[in-house]
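Please open the model in a viewer with the sequence panel alongside.

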Amino acid sequence: MPTSPESQPAGHIPAALCERRPHVPPERLVAEMVPPPRFDAVRFATYEPDPAQPSQAEAVKVLSDFAAGLGSGEPAKKRGWFRKAPAAPKGPRGVYLDGGYGVGKTHLLASLWHATDAPPEKKAFGTFVELTNLVGALGFQKTVQTLGGHRLLCIDEFELDDPGDTVLVSTLLGKLVEAGVALAATSNTLPGKLGEGRFAAADFLREIQGLSAHFRPLRIDGEDYRHRGLPAAPAPAAEEAVIKASHATDGATLDPFPALLQHLAEVHPSRYGALTDGIRAVCLTGVKEVPDQATALRLVVLADRLYDREIPVLASGVAFDRLFSEEMLAGGYRKKYFRAISRLTALARDGQGLLPA
């Protein structure tokens with residue numbers, strides 16, 4: 001267990017993430033390509049555009065129209081041999097949401113998925129990492145066959161910092177476009193293309209090369225909504241308080257932060273979602289700056305999965321805005337780290353509710 005027996009309060013005995021080694025069959029990877037729990041109930045109507053950022057309201061209108069245009073017709077591979085093909089929808093068959101972290105791109109992407117008139121098994125939603133994991137699990141041709149009958153594929157956080165994976169997914173998307181699948185995507189920025197702290201549509205369109213004509217860039221300006229009008233990130237809790245809260249909370253886990261980082265290196269990132277199955281809160285002791293970039297990138301993936309599942313985090317040690325070194329925050333993965341800080345900070349606010357009043 002994460003703490004010695006004499007330091008544990010009486011009552012509920014928390015589990016440990018470090019003790020979990022989930023097995024995830026390929027079928028589950030396909031079935032889970034839907035908006036994560038945090039975005040189950042989001043719709044265009046629940047998105048609250050910032051009045052100071054007219055591009056946000058415009059994005060809602062454009063995406064609503066895009067969804068309406070996908071409400072009829074079938075992917076080419078599903079039509080009968082002598083059946084006349086439906087007229088192609090007007091405009092590009094893809095849309096790229098271009099904006100900084102925290103402006104609600106994932107909310108809008110999930111809303112597009114929900115608004116598209118197709119059964120859940122005919123539309124898919126996942127991150128770029130989840131899509132590459134699917135290709136790894138099923139193989140390229142099987143992935144094309146599996147997704148080729150879909151009406152829509154939404155890709156959140158398209159990774160532009162791994163040339164090999166970018167080419168792989170771009171090739172996959174080319175096959176899906178040929179099959180009549182509509183596409184929607186968001187992305188991070190390329191290393192060294194940090195600009196004004198926002199993503200760059202030109203980088204995305206250049207990297208997907210031949211697919212660029214299929215995408216309409218849709219810019220969404222604004223500040224990180226997770227911090228609009230909210231108090232500053234809470235200070236870390238005392239270690240004793242974290243341990244007591246873990247024992248008082250059903251479904252909580254308790255892990256020393258350094259041990260958790262080591263465990264993440266032994267579990268494939270495609271299983272980080274399964275790692276959190278059934279967990280209602282994550283309690284961590286001894287949080288400190290991550291030691292290297294490989295570890296930091298794994299932590300980013302875990303932060304995304306925790307955020308998707310709305311799992312509160314209560315921690316002792318350093319504050320989450322001190323997880324990454326100045327060198328990391330100035331480097332090519334800067335936006336990933338800021339996204340992780342933003343999301344963990346939001347979860348830390350939720351985690352304050354685990355402490356006694």
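**A pair of crossing helices**

Begin by selecting helix α4 (residues 128-138) and helix α5 (residues 140-147), whose axes come within 7 Å and cross at roughly 115 degrees. Helices (H or I, at least four residues) and strands (E, at least two) are DSSP runs, numbered from the N terminus. Axes are lines fitted to C-alpha atoms, for helices over the stretch in contact, and angles run from 0 to 180 degrees between N-to-C directions. Show side chains next: Leu131, Leu134, Val135 and Leu138 in α4 meet Phe140, Lys142, Thr143, Thr146 and Leu147 in α5, a contact being heavy atoms within 4.5 Å. By class, the residues of this contact are six nonpolar, two polar and one charged. Here Ala, Val, Leu, Ile, Met, Phe, Trp, Tyr, Cys and Pro count as nonpolar, Asp, Glu, Lys and Arg as charged, and the others, Gly among them, as polar.

The model is predicted: local features need pLDDT of at least 70, side-chain atom pairs count only at pLDDT 80 or more, and totals for chains, interfaces and linings use all residues. Residues are numbered from 1 along each chain as its sequence is written, and side-chain values use heavy atoms, with hydrogens and water left out.

**The whole chain**

Of its 357 residues, 50% count as buried; buried means under 20% relative accessible area, exposed over 50%, and partly exposed in between (1.4 Å probe, protein chains only). Among contacts with a separation of 6 or more, 85% are between residues 24 or more positions apart.

**Helix α2 and the cores**

Select helix α2 (residues 54-69). Its 16 residues reach 23 Å from the first C-alpha to the last, close to the 22 Å expected at 1.5 Å a residue; the expected span is 1.5 Å times one less than the number of residues. The buried residues of α2, including Leu63, Phe66 and Ala67, pack against β1 (94-98), α3 (105-115), β4 (182-187) and β5 (215-219).

Now select Leu112. Beyond its neighbours within four places in sequence, Leu112 is in contact with Phe44, Leu63, Phe66, Ala67, Val95, Leu152, Cys154 and Ala184. Which residues touch the most other members of the largest nonpolar core? They are Leu108, Leu112 and Phe324, in a core of 63 residues. A nonpolar core is a set of buried Ala, Val, Leu, Ile, Met, Phe, Trp, Tyr and Cys residues joined through side-chain atoms within 4.5 Å. Helix α11 gives the most to this core, with eight residues. Another core, of 25 residues, lies apart from it and has Phe128, Leu172, Leu176 and Ala179 among its members.

**Individual residues**

In α11 (residues 293-308), select Leu297, which counts as partly exposed because its relative accessibility is 23%. The C-alpha atoms of Leu297 and Tyr337 are separated by 8.0 Å, although the two residues are 40 apart along the chain.

Thr253 lies in strand β6 (residues 252-256). Is Thr253 buried or exposed? At 1% relative accessibility, Thr253 counts as buried.

Finish with backbone angles. Most residues other than glycine have a negative phi. Glu157, in strand β3 (residues 152-158), has a positive phi of about 60 degrees and counts as buried at 10% relative accessibility. Glu310, in the loop between α11 and β8 (313-317), also has a positive phi, near 55 degrees, and is partly exposed at 43%.
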